[in-house]
Protein chains: 2
Amino acid sequence: MAKDTREKILEAGLRLFSEKGYLGATTKEIAQKAGVAELTLFRHFTTKEKLFEEMMSAYSFLPALKGLLPGLKEMSYEEALAEIAGSFLKRLNERRHLVRIMQREIHLYPSKARQVYQNLMGEIVKTLASYFRELQGKGVLREFSPELGARAFLGMFFSYFNTQELAVSEKYRFADRASVVGEFVGIFVKGTVLIKRKQEI
Amino acid sequence: MAKDTREKILEAGLRLFSEKGYLGATTKEIAQKAGVAELTLFRHFTTKEKLFEEMMSAYSFLPALKGLLPGLKEMSYEEALAEIAGSFLKRLNERRHLVRIMQREIHLYPSKARQVYQNLMGEIVKTLASYFRELQGKGVLREFSPELGARAFLGMFFSYFNTQELAVSEKYRFADRASVVGEFVGIFVKGTVLIKRKQEI
DNA sequence: TAAAAATGTAAGTAAGTGCTAACATAACAA
DNA sequence: TTGTTATGTTAGCACTTACTTACATTTTTA
């Protein structure tokens, strides 16, 4: 089937571009990994560059995290942040090939890379910022820039993801995921709640 | 002079590897940028790969940030964190070519890339963690893992650096450096200090 | 089943790319 | 000055890579 072939090539392209970079991945190898003849690749995508572009477009549209926000209202602030951190890390992990390509090729394809980044981060930053704004309105959180707060929070986890989950081998992890999430959320919670006079301890 | 030539080639290699990646940077172009004949490059470094390795070694030994710790004791906690964040960002910026190479080629040269990362992050994590430990001992900070705390703190800024200062154009910055440092430090300070009963506001 | 569309095979082209060989020239130390 | 060392110039080799051409074969569609 035509669709199957296209998808198989796109998938193989995603993995090989992520592993070896745009220049390091050869059309021959991509075709081989997709289980088709190299010529078939060119019949579908004309050039390697167009294959790359189509692949980026195909995989940068993500299922959104919109279902997240409503559920948060029933949780405590701390639970909510842990939930968001978990979803964010999960999403990064699902899209780790794209993330890697984005980081590698950002200079070669700035607009495309930025689009991926926008898809990956922009929405969750907005969601988180609006959540902060709401809690600030209710007097639960102190005043701070919701956008910068969201970036600070996600930045901690993005950085953790980069150095740990994306890093090559398992043995270099400095801590397990749960305790990292716990500590990071703990710091952030205490860093943003509004302190009342009768604070215990 | 022989040393001049070597250094010129190493410098050109650093810049071009960073811009175009290991495969994208050609020996011809590196030699041209260094202002020498391509053959001279090979006479000094034998192969492209050895040039890459020597370049990584040459630039991964950094002047340390050890002078930082003593000065911190005369500052408030908040001032100290702002100082550390500033130094860290400055250092990342000075080494931005290396940082970029490290992120790009981590799969091709895992051990070298990890070494660069270690040089870049390891020491400052330790310094910061020991600073936290000291303040915990004095009862200024609450109990939390000093190492994870240090990684959380630096992670926020590393992530900011990645998306802003390393990003291609200026117009995509979402905020100026000073306000980012201010907000991030503010969150982190309130997230880690020990709260006493007589807290104002 | 027959026409049409998709894919495979094989051979090859043009343009790089890392790297070498041969020889000439310039700088420097004795 | 003379011999040595570092560098330049030019040509080229062996190999890879994106991409093409021509034709055969399979799969899908009508």
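Modeller: By class, the surface near DNA strand C has 6 nonpolar, 5 polar and 4 charged residues. Nonpolar is Ala, Val, Leu, Ile, Met, Phe, Trp, Tyr, Cys and Pro; charged is Asp, Glu, Lys and Arg; the others, Gly among them, are polar. This is a predicted model: local features need pLDDT of at least 70, side-chain atom pairs count only at pLDDT 80 or more, and totals for chains, interfaces and linings use all residues. Residues are numbered from 1 along each chain as its sequence is written, with chains lettered from A and ligands numbered from 1 in the order in which they are written.

Biologist: New topic. How many residues of chain A are in contact with chain B?
Modeller: 37 residues of chain A, with 36 residues of chain B. Contact means C-beta atoms, placed from the backbone, within 7 Å.

Biologist: Which helix of chain A gives the most to that side?
Modeller: α9(A), with 10 residues. Helices are DSSP runs (H or I, at least four residues), numbered from the N terminus.

Biologist: What's that side like by class?
Modeller: The side of chain A that touches chain B has 18 nonpolar, 12 polar and 7 charged residues.

Key:
Contact = placed C-beta atoms within 7 Å. Helix = DSSP H or I, 4+ residues; strand = E, 2+ residues; numbered from the N terminus.
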